[in-house]
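Here's a quick briefing to read alongside the structure. Have a look at the model first, then work through the notes below.

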Amino acid sequence: MNAIATITTTLKDWESDQEVRWCPGCGDYAILKAVQRTMPEIGANPATTVFVSGIGCSSRFPYYMASYGFHTIHGRAPAFATGIKLSNPELDIWLVTGDGDGMSIGGNHTMHLIRRNLNCQIMLFNNEIYGLTKGQYSPTSRQGTTSPTTPLGSVDRPASPAAFALGSGARFIGRGFDVSKHLPDVLKAAHAHRGAAFIEIFQNCIVYNKDVFEDFAAPKGAEDRQLWLKNGEPMLFGSDKTGGVKGIALDAEKLTLKVVDVTDGDWQGAGVIVHDVTNRSVAHMLVEMPFGPFPMALGVLYDDPRPTYEDAVLGQDAQAREGKNTDLRKLLAKGQTWTVSEDQGPLSGV
Amino acid sequence: MATQLAEPAASTKNHPEAVVVRFAGDSGDGMQLTGGQFTLSSALSGNDFATFPDFPAEIRAPQGTLFGVSAFQINFGSTEIDTAGDAPDVLVAMNPAALKTNVGALKPGGLIIADTGEFTKRNLEKAKYDASPIDDGSLAKWKVLAFDISALTLESVKPFGLGNKEALRCKNMWTLGLALWMFDRDRAPLVDWLNAKFRKNPVLAEANIAALNAGHAYGETAELGGQLHKVHLDPVPSPAGLYRTITGAEAVALGLVAGAQLADLKMFFGGYPITPASSILHYLAGMKEFGVTTFQAEDEIAAIAAAIGASYAGHLGVTSSSGPGIALKGEAMGLAVMTELPLVIVNSQRGGPSTGLPTKTEQSDLYQAVYGRNGDTPMPVISARSPGDAFECAIEACRIATQYMTPVILLTDGYIANAAEPWAVPDPATFEPFPATFLDKPNGPDGTLLPYARDEKGARPWIKPGTPGLMHRIGGIEKNPGTGNLDYSPAAHQAMTDARKAKVDGVAKSIPAQDVCLGNTSGKLAVVGWGSTFGPIHQAVRKARAKGLDVSHIHVRHIWPLPENLGDLLRSFDKVLVPEMNTGQFKTVLRDQYLVDAQPLTKVSGQPFAIAEIEAAIATYFDHVPGNAGGDEIAPNETQLPSIESANP
């Protein structure tokens, strides 16, 4: 986010006049609404907000926001965003990408944008499938996914976007899913983070990969399967009404996380970890925490800002310019020169 | 450099009009440095010159090997010089490998200066000599001056107590000293330069100066069997003014800075290291005070993507690469065409395809520049003919890009990028500004915004994100001709494809009519060139005209769109010959555009054309060439010239 003046808008001010063209029931609709609802709450200005995307279903997103938008080429949105931000750091940039766009063809650019820490929000819509090209398996598809290109099931292991981002040096990792009511809170936290904020948003592709996240996203039993992380609060999930209150603790012997039962509210006694968004070691464990034995870690997993790329680049540019002569005439005549006089007389070197 | 059809003054043995010297040695011997300093000394003596650095792709190839030879050729003289010269008059060979790879190019009767200290058994073996060529008579058609430069250098730097290896590094300065004596040059600028270069190590400065002086003194005093003569070249009568030496890479960097200033824009340069284009990024990285931001991207695609992003945000986006990198940028160029954003793409061409010949020159990316993208994707293409010309071409690329809201390709090549020539420093006050304008209020009826409405040139408005009230979305999908909203309809695609083509075609209205740079505007033969073949074509045509042949030289800067009168001009000649360093690409474009019977003269050896090669091709179009043996008319054939064997075996 930027230190620019906030303004008052409503959700309507963020809806463009373009007809939304996702499949009926697509998770993208819910994400679009969540973003449009978030923008007024953070005081964002449509004139200084730019949505930049690559190619894929998710990348149509900019057309539906009544801000500035640039729908670029497959996988390269991070590079376009870098050029935009370095040219005008006042612009508030949201990158919209998907698991194919951001993790496959554009994995390289995702990594470098995060490593450089360009100040922007990266929303990666992960539906574990190629939607726009009609259902091929993606780099985040689970092993065994059958698709037109993997009729016998995919054999390669899936990539984990959040783990990839953290490994690339991310200073903010957020996670949510399309229909979650908490998604705007994650978006707000990402926007409040100065630097590259990576948000993995699980998104239901109802045509090619329907309900692949139902295990944890279904409302029924959600509290047992979702761990919503809050800074300064113990990592608790479940309830007495379901399978009992549980917590995430450190297995000191194995140096891994473990699930512990919490009885009578004594989470301290059970050794439940208090979430510290600046703890990078715990963040590494959270992004790798397998769903199944563990709940899905959601919310703000990690948030510890450090200086941004554009500040460093533009700061260095400004320093290099300080007190320097910017006379083009002098630049052209730089180096070793000589003068030819009218009478073709002796030459003088400089 | 400016050229004119001037006949050379009669030359005498020790007062020739031009001399070609080639310094050749191991890639660690400092030949490029020696050549560079000799060039500077030529400039300070008022000689015109052209240089040709020719070095291996390997940074430090194994010592003494044939493929590790690095050479620097300079043609300098008291008349106008357009090329680095065909055959050297003098070859300085610092080891057997340098002799072997370069001696074939030497003029018969030319002078070889060889360092016998390096003609050891081991080095001779590495150079694949069975016996020392200095002793076995195989160099009989040349004059050979062989002496132990290594030992003489060691002797001259003895007082400074350097290690053997460091002491031998001074060899190149000893050799330079000898060359300075041969051509009657002042040593003072070199002494100043060495003092500055080794400011932090005065002992090294002293040693190098001592070696330089020793080489000079050797020429002055040694008994060299009458083979070594002092040669004096008079200064070239040039227009008065300030001059400097400039390479193509420097000229492109300076031209881009000037172009951005004339457009009243800041520049964003996205690049990725690649030979021979990297030096443009290097130069610009040091020019931040001129409103330049440079970005070394993670790859070629990111480099152009960031540049397009910068243009979208209101800067002048520029990217630069060589053939393989340009190939990677193709999809992003299409997006710049589709979204109609300004962008300058510099291609320093090298031998291809694929990795090809990274350090050698070629002009084989013309098809790629004109046609090499998916879809109907027209893009203006400009080519530079010489290092100095690259400055003007870079400004022209900036003008077209910003005035027409289009990506523009600027073609240079490895030869132009690395070669140096004297350059009359221009006065920025004489440049015509072309300030860019940005839309700041709605341009449609009833306060609506039409991001793809067009002006009289066919250009759309440039709208910076951050401008209140003008929010809109752009992208690579086909769009409505006015609103720019997604529109796949048949009518929209037809209209937008036509509009993009008409806009780029219309650039021809803003460029000068094609002129004839030497000769008449009609006649028997037009030799048509583009890019760095300018020099050899010009000299070949000059020589042919001096023999009375009806031949003209047409040099085309604007490759796409072509000048509007070019077709008529070509049709006013009986024959059209197109020499180019590829297998005939521009020839095909001319045939396609004008249905003229353009004939190719091609060369793809990684070396520039020699003047003589083009002269010979011209001669085949004439029955009786005065001064040559007459004969029946030789049909112009599709000549594929052989490579120069001597270049690199």
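How many helices and strands are there in chain B? This is a predicted model, and chain B comes out with 20 helices and 21 strands.

**Chain B: overall shape**

**Chain B: packing**
- Buried residues make up 54% of the 649 in chain B.
- Take the contacts in chain B with a separation of 6 or more: 75% of them are between residues 24 or more positions apart.

**Chain A: two domains**
- Chain A splits into domain 1, covering 11-231 + 277-310, and domain 2, covering 234-274.
- Between the C-alpha centres of domain 1 and domain 2 of chain A there are 29 Å.
- Where these domains of chain A touch, domain 1 puts in eleven residues and domain 2 puts in ten.

**Chain A: the domain 1 side of that contact**
- Three elements of chain A supply at least two residues each to this side: helix H8 (222-225), strand E7 (226-229) and helix H9 (280-288).
- E7(A) gives the most, with three residues.
- By type, the residues on the side of domain 1 of chain A that touches domain 2 are seven nonpolar, two polar and two charged.

How values were computed: Residues numbered from 1 in each chain as written. Chains lettered and ligands numbered in written order. Predicted model: local features only at pLDDT ≥ 70, side-chain atom pairs only at ≥ 80, totals over all residues. Helix = DSSP H or I, 4+ residues; strand = E, 2+ residues; numbered from the N terminus. Buried ≥ 20, exposed ≤ 12 C-beta atoms within 10 Å, placed from the backbone. Contact = placed C-beta atoms within 7 Å. Domains from an automatic or database assignment. Nonpolar A, V, L, I, M, F, W, Y, C, P; charged D, E, K, R; others polar.
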